[in-house]
Amino acid sequence: MKEQWRLLQTGLNTAFSNMAIDQAVLVANSDGMVPPTVRFYGWMPPAISIGYFQSLTDEIDIQACERFGVNYVRRITGGGAVFHEKELTYSIVIPESHIKIPKNIMESYSRICGAIMKGLQYLGIESDYAPINDIVAGGRKISGNAQTRKLQTVLQHGTVLMDVDVDKMFSLLKIPNEKIKDKLIDDVKQRVTSVKHFLGKEMRFTQIAEAMKVGFEEEFQVELIEGMLSTGELTLAKKLEKERFSTIQWNHRR
Amino acid sequence: MLTMRSQSIYKVPQGKLLKISLEYNQDNNVIKNIRITGDFFAYPEEAIERMEREINGTLLEKKQLLEKIHSIINVDHIHFIGLDAESLVQGILMCKQ
């Protein structure tokens, strides 16, 4: 019989809640309270997440975010700033000691990205892993990923772009040199794609989630069983949302 | 004593974008405060804050910086992805005016 992991479909949440849930699941899994977990989610309102090591004010135009009603949050994972609007976000939480997770961090990125690539294939999109942490389709980025390891547990979260508005993204992000902004925007438009752009048609969130579920099941040879957050996870997520992810101390710490 | 403040942006070869904010004493070139930011990865993440504290007081000079950073990496078992000790030193030295 195949190993069973938990699948969480938590729908659309605020940035603060989304990041709090990922960390709460990590803690619960580390405590042995919940099985390895794959989660699919979205962002409402749209939000920018920045990497743990980034400077908030270097990366984000806070006034523009407020004008557009876009939230911003610091992740517990490294990596770059991401504008989350029309995308499916996944996370996977699993013990570092699990036999299906390579000990080597780069190898584990590749393995987990393999699940996303299988999911994309199911949608009719051939893709490649592009180290360090991207997946590309037709040479263009369609997914970005970030991993942390805490409490002997792996958390990797990442995006599958459903549609992308590069102009809006750059109205919210700061860039080092305003003079080359137009050129930079053109470059990024050439280097990024999305499910909609690649296939030439819209796909619903639920269709993409179904494909990604199959991707994870095939890559890891497991069965994903839809479940709920435990009471402990919900309590911890609320606490982390309030005391960490929605606070100035956390988001402006660098 | 004149405190110099400067910033650098350094694209790590085959890696990520490193941004350094630095305060140092212009008379003796000793680092007073450093902030290491960027879109790189480091495990464990919290070690970067210890590294910033440890670098304070170090001379703004290649050999001493490299020794210091290698020693912090070894003690804290830091694993960088998209960044390395040599690039950190490069980014820091770019702040020297």
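Chain A has a secondary structure of 10 helices and 11 strands. Its radius of gyration is 17 Å, close to the 18 Å that the globule rule gives for 254 residues, so chain A is as compact as a globular protein of that length. The model shown in these figures is predicted.

**Figure 1. Chain A as a whole.** Taken along the principal axes, the C-alpha atoms of chain A fill a box of roughly 60 × 40 × 30 Å. Of its 254 residues, 48% count as buried. Among the contacts in chain A with a separation of 6 or more, 76% come from residues 24 or more positions apart.

**Figure 2. Helix 4 and helix 8 of chain A.** Helix 4 of chain A covers residues 105-122, and helix 8 of chain A covers residues 205-220. How do the two helices lie relative to each other? Their axes come within 7 Å and cross at roughly 130°. An angle from 65 to 115 degrees would count as roughly perpendicular and one over 145 as roughly antiparallel; helix 4 and helix 8 of chain A are therefore oblique to each other. The crossing of these two helices is right-handed. On the side of helix 4 of chain A, the residues that meet helix 8 are Gly114(A), Ala115(A), Ile116(A), Lys118(A), Gly119(A) and Tyr122(A). Helix 8 of chain A contributes Ala211(A), Met212(A), Val214(A), Gly215(A), Phe216(A), Glu218(A), Glu219(A) and Phe220(A). By class, the residues of this contact are eight nonpolar, three polar and three charged.

**Figure 3. Surroundings of Ile21(A).** Ile21(A) is part of helix 1 of chain A, which covers residues 15-30. Is Ile21(A) buried or exposed? A residue needs 20 or more other C-beta atoms within 10 Å to count as buried. Ile21(A) has 25 C-beta neighbours inside 10 Å and therefore counts as buried. Leaving out residues up to four places away in sequence, Ile21(A) touches Thr10(A), Leu229(A) and Ala237(A). Ile21(A) and Glu241(A) are 220 residues apart along the chain, and their C-alpha atoms are separated by 8.2 Å.

**Figure 4. The contact between chain A and chain B.** Chain A gives 17 residues to the contact and chain B gives 15 residues. On the side of chain A that touches chain B, helix 4 and strand 9 (140-150) each supply at least two residues. The residues of this side of chain A divide into seven nonpolar, seven polar and three charged.

**Figure 5. Ile132(A) and its contacts in chain B.** Ile132(A) sits in the loop between strand 7 (128-130) and strand 8 (134-137) of chain A. Which residues does Ile132(A) touch, not counting residues up to four places away in sequence? They are Ile81(B) and Gly82(B). Ile132(A) is buried, because 20 other C-beta atoms lie within 10 Å. Gly79(A) is 53 residues apart from Ile132(A) in sequence, and the two are 9.8 Å apart in space, C-alpha to C-alpha.

**Figure 6. Chain B as a whole.** Chain B has three helices and five strands. From the N terminus on, these elements follow the order β-β-β-β-α-α-β-α. The C-alpha trace of chain B spans about 35 × 25 × 20 Å along its principal axes. A compact globule with 97 residues would have a radius of gyration near 13 Å, and the 12 Å of chain B agrees with this. Of the 97 residues of chain B, 32% count as buried. Residues 24 or more positions apart make up 53% of the contacts in chain B with a separation of 6 or more.

**Figure 7. Helix 2 and helix 3 of chain B.** Helix 3 of chain B, residues 85-93, has the buried residues Ser87(B), Leu88(B), Val89(B), Gly91(B) and Ile92(B). What covers these residues includes strand 1 (3-11), strand 2 (17-25) and helix 2 (62-76) of chain B. Helix 2 and helix 3 of chain B pack at an angle of about 135°, and their axes are 9 Å apart. These two helices are therefore oblique to each other, and helix 2 of chain B passes helix 3 of chain B in a right-handed crossing. From helix 2 of chain B, the contact takes Lys62(B), Leu65(B), Leu66(B), Ile69(B), His70(B) and Ile73(B). From helix 3 of chain B come Ala85(B), Leu88(B), Val89(B), Ile92(B) and Leu93(B). By class, this contact has nine nonpolar, one polar and one charged residues.

Definitions and conventions: Residues numbered from 1 in each chain as written. Chains lettered and ligands numbered in written order. Predicted model: local features only at pLDDT ≥ 70, side-chain atom pairs only at ≥ 80, totals over all residues. Axes fitted to C-alpha atoms, helices over the stretch in contact; angles between N-to-C directions. Helix = DSSP H or I, 4+ residues; strand = E, 2+ residues; numbered from the N terminus. Parallel < 35°, antiparallel > 145°, perpendicular 65-115°, else oblique. Left-handed = near helix turned anticlockwise from the far one by under 90°. Contact = placed C-beta atoms within 7 Å. Nonpolar A, V, L, I, M, F, W, Y, C, P; charged D, E, K, R; others polar. Rg over C-alpha atoms; globule rule 2.2 N^0.38 Å. Buried ≥ 20, exposed ≤ 12 C-beta atoms within 10 Å, placed from the backbone.
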